[in-house]
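Hello,

Here is the structure I promised to send over.

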Amino acid sequence: MAAIHTLGELRQSGRRSRPVRQEIRENLVCKLQAGETLFPGIIGYEDSVIPQLVNAILSRHNFILLGLRGQAKSRILRALVDLLDEELPVIPGCELHDDPLAPLCAACRTRVATEGDDMLISWLPRDARYVEKLATPDVTIADMVGDIDPIKAAQAGLNLSDELTMHYGLLPRANRGIFAINELPDLAGKIQVGLFNILQEGDVQIKGYPIRLRLDVMLVFTANPEDYTARGKIITPLKDRIGSEIRTHYPVTRSNAMAITKQEAWTERAGGLPVEVPAYVREVVEEVAFQARADRKIDKRSGVSQRLPITTLELVVSNAERRALANREALVVPRVTDIYAALPSITGKFELEYEGELRGAEQVARDLIRSAVGNVFTGVFDGIDTRTVIEWFDLGGTLPLGDTMSAADLVAQTRVVQGLRELAERTGVLKGGSAPAVASAIDFVLEGLCAQKKISRSDERGYSAADTAPRRPTRREEQALEEEIRLPGPKKKYYN
Ligand SMILES: [Zn+2]
């Protein structure tokens with residue numbers, strides 16, 4: 001398109017702009033025919049959201065995405081940009097991005113009339129055709145549609161207004177592009193009426209002056225389903241003009257969720273130490289979000305964003321990085337205990353129900369981590385005998401470990417616990433693995449046993465025998481008991 005510089009050349013080229021929703025539709029059809037991946041980077045929506053989205057676009061609908069926070073709604077809307085033509089011919093300097101072949105505004109019409117085929121045109125890249133606005137109750141018609149200077153308007157004696165006196169708002173500036181409004185129900189009813197009028201009738205009243213604006217815009221919205229249905233703050237005529245209503249959701253499987261977090265979290269730190277995040281650490285971080293979404297102490301209506309595991313993983317890596325730097329280690333391997341250092345990225349990401357308020361955000365978060373560790377540990381250690389290690393603690397052993405302890409120290413200090421290293425190897429860490437990796441695996445085993453309440457951990461004593469549960473018999477005692485049971489006579493009563 002670089003070869004076309006003037007209106008005359010554009011006319012000759014035969015290239016005609018299409019209405020924006022037709023353009024997006026046609027480009028989508030091409031991608032579908034070519035078998036291209038649609039919406040790359042959006043994970044877990046292949047069978048749910050994306051087919052509905054494709055149908056909406058093929059139908060040339062304005063649409064709304066309904067979903068809780070952190071469900072990639074804004075990301076989907078921004079990805080629509082890829083469905084626009086790479087460049088669009090426009091009249092230079094026009095705020096409406098007027099089509100050189102069919103200008104809307106009076107100034108451009110005048111230019112075309114006077115300059116004719118020699119008029120220079122410019123090419124607008126597609127990124128510049130996407131306008132996004134977060135709706136808040138204080139957004140005005142002036143922000144959205146525009147404003148006029150009433151004195152100028154009166155002086156000019158305007159009837160159906162002359163756009164020369166108008167300061168355009170966001171919507172006109174999105175002309176021939178996509179206008180995204182996030183959290184639509186937060187937009188005042190009056191503004192929604194204004195939007196509707198522009199879409200439906202092509203005119204709007206500003207300060208009592210009727211303004212005619214035949215805009216060509218694809219409108220897309222997001223909303224929280226609670227606001228949308230329960231509070232019903234989207235005015236009916238506008239709701240009626242929204243062709244499709246598409247529901248988003250949180251990742252259904254842990255592996256999808258892990259893939260999203262892996263893609264989004266900043267863990268590979270250029271210029272820093274190499275980072276190796278063990279699979280079980282990723283799983284526990286993800287499981288914290290799953291637990292939170294199911295926890296009745298946490299408000300379901302506001303949801304638990306996917307940003308929770310993303311920022312948590314970043315803090316987990318940072319805590320491990322800090323330890324590695326302090327201990328002059330060459331490799332960063334996060335441990336499960338590092339997740340407790342990520343509380344600042346967890347407690348702010350959910351709203352508590354009354355019961356949760358009583359317990360306090362920090363304690364709720366600690367409970368979530370503990371049960372997440374328990375779940376993941378149970379999965380990894382299903383059917384594996386952990387008694388040897390538990391016995392060591394039951395016999396009075398204690399391990400005072402801290403999350404700042406170097407990997408070498410941790411490995412050395414835990415060597416006294418029989419069977420611990422063997423259990424740690426069940427996580428997949430190699431026999432000759434690096435000290436930070438082995439330390440992390442050992443930490444996972446200890447935290448897992450804590451989560452299962454088979455051993456306990458306190459700030460003063462570190463790891464020790466479970467203090468709440470009754471003491472389990474050691475294997476030797478169990479054997480002794482079994483032998484006793486086989487004996488005839490009154491000795492049987494020991495078993496009670
Ligand atoms: Zn113009």
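N27 counts as buried because its relative accessibility is 17% (buried means under 20% relative accessible area, exposed over 50%, partly exposed in between, with a 1.4 Å probe and protein chains only). Please keep in mind that this is a predicted model, where local features need pLDDT of at least 70, side-chain atom pairs count only at pLDDT 80 or more, and totals for chains, interfaces and linings use all residues. Residues are numbered from 1 along each chain as its sequence is written, and side-chain values use heavy atoms, with hydrogens and water left out.

N27 sits in helix α2 (residues 20-34); helices are DSSP runs of H or I with at least four residues, strands are runs of E with at least two, and both are numbered from the N terminus. Leaving aside residues up to four places away in sequence, N27 touches R18, L83, L84 and D85, a contact being heavy atoms within 4.5 Å.

Now the pockets. The largest pocket has a volume of about 740 Å³. On a 1 Å grid over the protein atoms alone, where a 1.4 Å probe fits, a pocket is an open set of points with protein on both sides within 12 Å along at least five of seven lines, and lining residues have an atom within 4 Å of a point. Grid points are joined across faces, edges and corners, and the volume is the space filled by probe spheres set on the points. Of its 31 lining residues, R366, E447, R457, S458 and D459 are the closest to the centre of the largest pocket.

The second largest pocket holds about 550 Å³ of space. Among its 29 lining residues, G70, Q71, A72, K73 and R307 are the closest to its centre. Helix α4 gives the most to this lining, with 4 residues.

Best wishes
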